Amino acid sequence: MEFLHILTYLSLAMVVSYAAVAPETYWKSVLPNTPMPKAVTDILHNDKSTDIQVGKGGVSVNAPGVNIGVGSGGVSVHAPGTNVGVGKGGSVSVHAPGTNVGVGKGGDASMHVHKPKPKPKGDCEKISVGKGGIIVRCHNKKKPVNVHVSPFSYKYAANDDQLKDDPNVALFFVEKDMHQGNTMNLHFTKTTSPSSTFLPRNVADTIPFSSKKLPELYTRFSIKPNTEESESMKNTITECEDKGMEGGKKYCATSLEAMVDFSTSELGKKVKAVSTEVNARRHTPLQKYTIEEAKKLASDVAVACHKQNYPYAVFYCHKTTTTKAYIVTLVGEDGTKAKAVAVCHTDTAKWNPKHLAFRVLKIKPGTTPVCHFLPEDHVVWVPY
C-alpha cells in the first residue's frame, strides 16, 4: 500500500505542478514559431471558466469538473463525483463514484467498493438529425429537446428548422463570391458556451470520453439526463466515436496538447494556426459585410478543428487534402471589422445531398466548391 501512497502523491504533484501552465508551455515548446490564434487564447484566458490562485500556502486550480488545490499541508483534487486528497499527516484518500480508497498516517489502507444504484435508462428517442439541429423527444416532456450541433460535419441532412434558425446558414457561399468589394450577409458567432475551457491533458486524460460512460459523466458534471445539456454531450461523444467520412482522418482532441499533437503529426511542425477574429466586444448581429481583401493561404492541405458543445473544451479535428483556406478582411455596416477564416471544399461528392450548404446555395454535391466562414472559436491549421 505504500506504493499506492507514493504513486498517488506523485501523480497529484504532477497534476498540480503543471495544471496552470501546461497547455501554453506545451504549445511554446512544440511550436515556438507559431503564435496562438485568438480562438485558443480566448479559451485559455477565460476568467469565467478557470480560477487559478497562487498564494503562500500553495496553488489552487478550478476548471469545469475539476478542482485542484495545494495547501500548506497537502494536496486535494476534486471533481463532481471524484475526490482525491493528501492531508498534513501524509494520509491519502480517493473517492470516485462507487469507489473509496483511504491510506492513513501509519500506512494502513482500506478499500470499499460500492456499486451505485442502477439508473433508469434514458427515455429520449431521436426523431430527426441535421447538422445544426437534432430534435429529441423525451417521454413525459411537453416539448421536444432541441439540441444544437455543428454544421461542419458533412454526413447529415439539414432540417427545415435549421434553415430558419441556425445562424451558420449565413456563413455558406460559393468561391466566386469571395472578391474585393462584394457584400455578404453574415452572422459571426461563437458556437459554444464561453464557460467551457481547456483542461490540462493530464487531467483530461483521467476523465472518460465514451458513450458507455455517459451516466458517470452526467454525475461528474452534475448534468441531468434527458436534458438539452445531456443530449449535447451525448451527441458530441457519438460524433467523435463515429468513423467519419470515407477518405478523411479525424480526431477529437480533449485538450490543447492533444490538438497540437494531432495537427503536427498530420502537417509537421512548420504550421500556422488561424481563427476568425471579430473586432467587437459583444456578439455581432446578422448584417451586411463588405470584403476588403481575400488572401489565400499557401497549402491545400489543412486540419480544421471545430469546437464542440461539452462541459470542457473538446475540438472535432479532421484533415483534408481538398480544401483551400483564405484570410478574408471584412467590414460590417455598423463599422465592425473582421478578419475571418474562410474554407472552400473542392470535393463535396461524398457529402449528404441534403446537407445545409446544398440547401442554402441550391447546388448539388460534387459540382461547385462550397465555402464557409468559420465561427470565432474554431481553428484551422495549415503548413507553410
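In helix α6 (residues 214-220), R220 and E216 stand four residues apart, a separation of about one helical turn. The two residues form a salt bridge in this predicted model, with their closest N and O atoms 3.8 Å apart. R220 is buried, at a relative accessible area of 9%, whereas E216 is partly exposed, at 28%. The value for R220 falls under the 20% cut-off that defines a buried residue.

A salt bridge also joins the side chains of D42 and K38, with an N to O distance of 2.8 Å. These residues belong to helix α3 (residues 38-44), where they are four residues apart and separated by about one helical turn. D42 is partly exposed, with a relative accessibility of 31%, and K38 is partly exposed as well, with 30%.

The salt bridge between D261 and R201 has an N to O distance of 2.7 Å. Because D261 lies in helix α8 (residues 256-267) and R201 in helix α5 (residues 201-204), this pair ties together parts that are 60 residues apart in sequence. Relative accessibility is 27% for D261, which counts as partly exposed, and 23% for R201, which is also partly exposed.

In total, the structure holds eight salt bridges. K249, E266 and K319 are linked in a network of such bridges.

The chain as a whole contains nine helices and 23 strands. Of its 384 residues, 48% are buried. Among contacts with a separation of 6 or more, 64% are between residues 24 or more positions apart. The chain exposes about 19,500 Å², of which carbon and sulfur atoms supply 53%.

Key. Residues are numbered from 1 along each chain as its sequence is written. This is a predicted model: local features need pLDDT of at least 70, side-chain atom pairs count only at pLDDT 80 or more; totals for chains, interfaces and linings use all residues. Side-chain values use heavy atoms; hydrogens and water are left out. Helices (H or I, at least four residues) and strands (E, at least two) are DSSP runs, numbered from the N terminus. Buried means under 20% relative accessible area, exposed over 50%, partly exposed in between (1.4 Å probe, protein chains only). Contact means heavy atoms within 4.5 Å. Accessible areas come from the Shrake-Rupley method with a 1.4 Å probe; for residues, only the protein chains shown count as cover. A salt bridge is a side-chain nitrogen of Lys or Arg within 4 Å of a carboxyl oxygen of Asp or Glu.
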